[in-house]
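Have a look at the structure first.

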Amino acid sequence: MMKGQTQAKTKKKVEEKVYELEPGPFELLDDNERDRLEGEFQGLLNLVDRGTIVVVSKQGEYEYENEKYPIIYNKFLLITATELQYNQTKLERPRIVKTHPDYVELENGLLAQSAVFYRFPDIVPEGFLAEYFGLGDVVFKWEALDPVSAASAIDRTRKRLESSSSNDSFTIRKLQKVTQLQGIIGGQAKLLRFWVYITYYGETKGELKNKFNQIRAIAKSRLFDIDIPKFYQGALYNFRTDVDFFVPFYNSVRPHYVDTITASWQFYPLISEDLIDEGGIFLGFSDSGSPVVFNPYRRANYNMIILGETGSGKSMTAKIFLKRMKKQFNIKIWGIDPENEYVKVSTALGVKGVVVKKNMTLGLDPFKLSRIETEEGRLIDVEDIAELLADFYLPNDIALRNRLRALVDDYKDSESVFEFVERVRKEDPEVGKYLDAINSPPDSYIFDGDVSISDNIVFGLKEISGTGASRLKALITTLLTIIYQKLMFSNKEKGYLFIDEAWLFVNYPVTMSLLENISRRARKYNKGLLFVTQKPADVAGNEAGRTILEQSATVLLLRQKKAGIEVLQKVYGIRQQEAEALLNVDPGHGILRTGNYLLRLYIQPSSEEFEAFRTTGEW
Ligand SMILES: Nc1ncnc2c1ncn2[C@@H]1O[C@H](COP(=O)(O)OP(=O)(O)OP(=O)(O)O)[C@@H](O)[C@H]1O
Ligand SMILES: [Mg+2]
């Protein structure tokens, strides 16, 4: 009955949506980073006129060594009618079956009770809500006052304080605050009416009482007062702070006021020191000993960079990541494996390993590839063929490069690269001389023959050795990646392109810009780039390389050489002390930066993974 009335009374039914917000750690961050996050939160508070943030504790599990372990993680939800860019989700909560004055009974048999914060200390600790996470669902609800009522509310308060005869320090401080507030409201800030409360659960009333006492003990120690308002329990459980029937006046559900600037740090809720992503894969353990469960699909993009010096555990980590991602998400994999480390364990990774031999034809003819149409146009544009041939065959000379561009354009109808070289030799013998290398092995093997490349494939390039090997590896990588790109961007199935020893390619602008392009566009197709390299300074010294490093939502930093430290600090804004700690850590230990998270961790292989994936030193 009550319910029907409530609905009828609602003037216009606004469609509320539930969005998921991304948390991050707070402890490890320096002041700048905290300011940045709080600034973002302030933006949200300014944008959303009515909102409710609910931090919900959830049970999950992670698997390690065939054992399943329970874990608790928090979900950060925002309920609002404002249209936002965040991912939408649902808030699934058991319904109320019976309402009592001071608790409610839920359809799952549990009891729920809500305790409201009704007195706030003068100094509210930054991010204090996080202290209650896990004890119940923490709710922060706000409504922006329109500027006129905000101004008059502040004015009334100011007048009241001014006219009060007391001039104790409390009143003076309050007055200062209010005067400050008057200055900022209407500028960058708004005034909010807000409520903070915690909804906790128990099987019995006794259990509710225990929870309440626990919460109150923390609250008291911070000089907050909390209370369980009678008759409001049903409303609070449903994120409302009003009831439609007469109840004795309750101080505790009266709103408090705060400006959005102050709120952005006092009520900053998006705090999670542990990385436990819902539905993620187990990576290892954080320094604090909690499991690290990572889900790349919860980040702004799915790219991942692994940086570390020789022997720091990059390839081990990449293999573990790919294997677990395959198991969890059935990802497709396309790989470039310069040291034949992955082709050796292709079965464990669920891919086909192709060991490229010196005299094997690969069929990677750019002219043939240019005739393959894709949904997004040609597999390789004519202009790109010119850049590719120039990067790999011409000296660094602008005039020659321009001549080659014109030649490619004139002869773009060439059946094959060999036919093209023939025509160039007649037309422009100087350029032809440089391209001549295409006609004989080892280069000719790359272009000759037929290509057959499918999903879930890794090419091992180690047997390409001797002089000019890194150039050949880069050329093959580039042409393969062009085909990989077509496969990656032809559907939205999840997948990763991985490149190990990526520093090999930094001197080839076409290769790097191709990879950069993939890293930028991959997300749209549910794909990610897994970019593995030593020598971060070399990669960052290159514009495309730096973009790749900067744009990746996830970065794992393993043991570093001194030369790499400065770059990493710059690119990833890590504190010097943290960065220097990376100079001497054991394999598999490092810093993971993903989304807003920054944590020290150890990548934990299972014993089978360790045996299968470790490098044996036979090369
Ligand atoms: N997470 C880990 N736990 C324990 N040992 C590890 C871990 N990762 C790597 N190792 C050890 O370190 C060795 C080197 O690891 P890996 O081959 O992954 O290094 P890398 O960084 O790829 O080196 P390179 O740059 O030479 O390719 C492995 O063979 C293994 O013995
Ligand atoms: Mg390696």
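Q: How many salt bridges does the structure hold?
A: Keep in mind that this is a predicted model. Side chains of opposite charge can pair when their charged atoms come close. Counted over the structure, the salt bridges number 44.

Q: Which residue meets the side chain of Glu 83 in a salt bridge, and how many residues apart in sequence are the parts that the pair ties together?
A: The side chain of Glu 83 pairs with that of Lys 17, at 2.4 Å from N to O. Glu 83 sits in the loop between β3 (67–80) and β4 (87–89) while Lys 17 belongs to strand β1 (residues 17–21), so the bridge joins parts whose separation in sequence is 66 residues.

Q: Is Glu 83 buried or exposed?
A: Exposed means over 50% relative accessible area. Glu 83 has a relative accessible area of 57%, so this residue is exposed.

Q: Where in the chain do the partners Glu 278 and Lys 75 lie, and how many residues apart are they?
A: The side chains of Glu 278 and Lys 75 form a salt bridge of 2.9 Å, N to O. Glu 278 is in the loop between α7 (260–266) and β12 (281–286), and Lys 75 is in strand β3.

Q: Is Lys 75 buried or exposed?
A: The cut-off for buried is under 20% relative accessible area. Glu 278, at 25% relative accessibility, counts as partly exposed. Lys 75 has 9% relative accessibility, so Lys 75 is buried.

Q: Which residues are linked with Lys 75 and Glu 278 in a network of salt bridges?
A: Lys 75 and Glu 278 meet in a salt bridge. Their network also takes in two further residues, Glu 20 and Arg 298.

Q: What is the distance between the closest N and O atoms of Asp 242 and Arg 240?
A: Asp 242 is partly exposed at 41% relative accessible area, and Arg 240 is partly exposed at 29%. They form a salt bridge, with the closest N and O atoms 3.4 Å apart.

Note on methods: Residues numbered from 1 in each chain as written. Chains lettered and ligands numbered in written order. Predicted model: local features only at pLDDT ≥ 70, side-chain atom pairs only at ≥ 80, totals over all residues. Heavy atoms only, no water. Salt bridge = Lys/Arg side-chain N within 4 Å of Asp/Glu carboxyl O. Helix = DSSP H or I, 4+ residues; strand = E, 2+ residues; numbered from the N terminus. Buried < 20%, exposed > 50% of the residue type's maximum accessible area, 1.4 Å probe, protein only.
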